[in-house]
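Please open the model in your viewer and keep the selection tool at hand. The stops below say what to select next and what is to be found there.

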Amino acid sequence: HSPGFQEQIQCEQQRLETEVFGDFITSWKKKDAVEEQSGQTNCLDDTERVYLFFSSSVPDETVRVYLSAIADAGDPDVIPVMRGFIGGLDDMAANTEYFSRILKIDLDCQDTEVPCQRYQTAIKLNPVLFAQYGITRVPAVVYENEGDGFLIQGDAGLDYLLERINREAKSSSLAKLIRKLQGGLE
């Protein structure tokens, strides 16, 4: 913890950032700066969540459209959920390949020395949520607010599914999220 040693650590960290990870860090810093400037805020209140339930049985392109919409919304309370791993924990190669494939932004990109860009959307594995909402068919969307849950199942645009839910939920913050998903102003 000496000041001299801490200075050596900082110098080595700066060297690694510029010489080894320069291109990657530069693009991340630019992305972070753009997000900070845009004043990105959550649309949903602290008590609200939107869950998108899906599985590997849903076509990849459909899943990718949903993940793209969730990434564009930029709201951490819009959460994609799967029941569990594909084939369980035993087949990590299949799991890695699946998640790598559905999160890839450009399908034509091939991972080489420079990895392909991927959606930075965390996919939750939660069988309890599937049981809690009685999800038997996917894709399905649930809007939850203070214990009240609204469920809709079917393959349609996320904004459309949320509009249908909001006919009953009547949430102004959900309406704000829908406008954001449709490319409108907040």
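The tour goes from a set of aromatic rings to a neighbouring leucine, and then to a helix and its partner.

Before selecting anything, note that this is a predicted model, in which local features need pLDDT of at least 70 and side-chain atom pairs count only at pLDDT 80 or more, while totals for chains, interfaces and linings use all residues. Residues are numbered from 1 along each chain as its sequence is written, and side-chain values use heavy atoms, with hydrogens and water left out.

**Aromatic rings**

Select Tyr51, Phe53, Phe130 and Tyr133, which ring pairs link into a cluster; rings of Phe, Tyr and Trp (its six-membered ring) pair if their centres lie within 6.5 Å, and planes under 30 degrees apart count as stacked, over 60 as edge-to-face and the rest as tilted. The whole structure holds 6 aromatic pairs. In one of them, the ring centres of Tyr51 and Phe53 are 6.2 Å apart with the planes at 45°, so this pair is tilted. Phe53 also pairs with Phe130 in an edge-to-face arrangement, with 4.9 Å from centre to centre and 80° between the planes. Because Phe53 belongs to strand β1 (residues 48-53) and Phe130 to helix α5, this pair ties together parts 77 residues apart in sequence; helices (H or I, at least four residues) and strands (E, at least two) are DSSP runs, numbered from the N terminus. Phe53 is buried at a relative accessible area of 0%, where buried means under 20% relative accessible area, exposed over 50% and partly exposed in between (1.4 Å probe, protein chains only).

**Leu129**

Next select Leu129, found in helix α5 (residues 127-132) and buried at a relative accessible area of 10%. Leaving aside neighbours within four places in sequence, Leu129 is in contact with Tyr51, Phe53 and Val81, contact meaning heavy atoms within 4.5 Å. The C-alpha atoms of Leu129 and Phe53 are separated by 9.0 Å, although the two residues are 76 residues apart along the chain.

**Helix α3**

Move to Arg64, which lies in helix α3 (residues 60-73) and is buried, with a relative accessible area of 7%. Not counting residues up to four places away in sequence, Arg64 touches several residues, among them Asp106 and Tyr119.

Finally, select Ala69, Asp72 and Ala73 in α3, which meet Leu177, Lys180 and Leu181 in α7.
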